[in-house]
Amino acid sequence: MKKTVLGWLFAVVLVYVPGAGAAPDGQAPPWKAGAASAVITPQRPLPMAGYAGRKEPAEGAAQELFAKALAIEDQDGNRVVFLTMDLIGVIGRLRTTVAEQVQQKYQLPPHALVMNASHTHCGPAYGRDEAKDYFDSLAAKLVELVGTSLERLEPASLAYCLARCGFAMNRRTPTESGYQNHPNPDGPVDHTVPVLRVAAAGGELRAVLFGYACHNTTMGFRQWLGDYAGYAQEYFEKDHAGTVALFLMGCGADQNPYPRSQIEYAQKHGRSLATAIEAALETGQKTPRHQRPLAGPLRCALETVDLESATPNRPDFPYPVQVVRFGNDLSIIALGNEVVVDYALRLKRELAEPSGPAIWVAGYSNTYDDYIPSKRVLEEGGYEAKCCPWKATLEERIVGKVHELYGRPAAAPPAAPAEGKQ
Ligand SMILES: [Zn+2]
């Protein structure tokens, strides 16, 4: 593949935060990083994913859909690639296809590949038979995108920072007839906007990986749209030409953006989120105080834990749990399926140590099948509990696996995963 440094060449000085990105004089930055993006908007009418009642195919694009890749390498050559997509989810077939080819072509093992979907409900139902041509071209494009991000690896500094953004609202409202899908301003939320800041050796901003825990469902019309997450990325990239903004969907299964159902709200939420990234970066501050520079080593682990179904004869579900640890500074935990906010709140609470890594929990990663309620949500009932009847053991199993992997990567690199177990 032809190496193109176009993205980096455009990364003229846009956001310069003295002291937060540049390496000390005479020292090489501790990391290498490379980012790339590709348009994945379907070029023909396809069925849409997300709302069962919407039977007709999309009529066109209100916004392009993107896939983006961020490759990071530490001083010892350990690598991770974040692959984010404006899609409903990462179905197992896509994960397997892309991970296998990425390993073959670039020797990047599956435990070092994080695939995350924004959960837009205005993207293609790409797993259906009638979308096979799109699926094949999508998978090929994603593999190529990972390769491009790896080709673009160049000296970089990484920092973690965060801000908050308030449009996500809990959507589980207790009523006399049980929990209804309705905005609940008193329900639990996670308004954190975690940001991984990637800067060139001279401190110029090159990429941001940012997260938010909220259904990406301001809209449900018949046009392709990245929704609030798409607008947040679009606005940030426009405001910082040459940078790549990647969205890592959080544990927003029981969170909705409000208000919703008008495109202007998707745009406003996108603007709010893009502004929160700026707040996290402390844009305009002469002396930033909240940028946490990341040191290595980089460690990745990915394993499955079996979740028990409450439905007779339904087999256990091999649920993927992934941990990406940047030394003692940041751990990104990527959970599969639609995860309710309780997991992020609990894991951040349990794993937090005064001098330990910042904890960032993503959902919608590496697989997309069903909701993952917490024990509380499962017992309360309602939409997120009914979709797939799990046994109440699921929360402890998932949290236990996170603790296991979280403790392991700091000590030693994980062995390559066994066949069939990523
Ligand atoms: Zn959903």
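**Figure 1. Overall fold of the predicted model, with nine helices and 18 strands.** The radius of gyration of the protein is 20 Å, close to the 22 Å that the globule rule gives for 422 residues, so the protein is as compact as a globular protein of that length. Taken along the principal axes, the box filled by the C-alpha atoms is roughly 65 × 45 × 45 Å.

**Figure 2. Burial and contacts across the protein.** Of the 422 residues, 52% count as buried.

**Figure 3. Close-up of the crossing of helix α2 (residues 92-106) and helix α3 (residues 132-151).** Two packed helices are described by the angle between their axes and the distance between those axes. Here the axes of α2 and α3 come within 9 Å and cross at roughly 40°; because angles under 35 degrees would count as roughly parallel, α2 and α3 are therefore oblique to each other. The crossing in which α2 passes α3 is right-handed.

**Figure 4. Close-up of the residues in the contact of α2 with α3.** On the α2 side, the contact is made by L94, T97, V98, Q101, V102, K105 and Y106, and on the α3 side by A139, L142, V143, V146, G147 and L150. By residue class, the contact of α2 with α3 divides into nine nonpolar, three polar and one charged residue.

Notes: Residues are numbered from 1 along each chain as its sequence is written. This is a predicted model: local features need pLDDT of at least 70, side-chain atom pairs count only at pLDDT 80 or more; totals for chains, interfaces and linings use all residues. Axes are lines fitted to C-alpha atoms, for helices over the stretch in contact, and angles run from 0 to 180 degrees between N-to-C directions. Helices (H or I, at least four residues) and strands (E, at least two) are DSSP runs, numbered from the N terminus. Angles under 35 degrees count as roughly parallel, over 145 as roughly antiparallel, 65 to 115 as roughly perpendicular and the rest as oblique. A crossing is left-handed if the near helix is turned anticlockwise from the far one by less than a right angle, and right-handed if clockwise. Two residues are in contact if their C-beta atoms, placed from the backbone, lie within 7 Å. Ala, Val, Leu, Ile, Met, Phe, Trp, Tyr, Cys and Pro count as nonpolar, Asp, Glu, Lys and Arg as charged, and the others, Gly among them, as polar. The radius of gyration is taken over C-alpha atoms; the globule rule is 2.2 Å times the number of residues to the power 0.38. A residue is buried if 20 or more other C-beta atoms lie within 10 Å of its own, exposed if 12 or fewer, and partly exposed in between; C-beta atoms are placed from the backbone.
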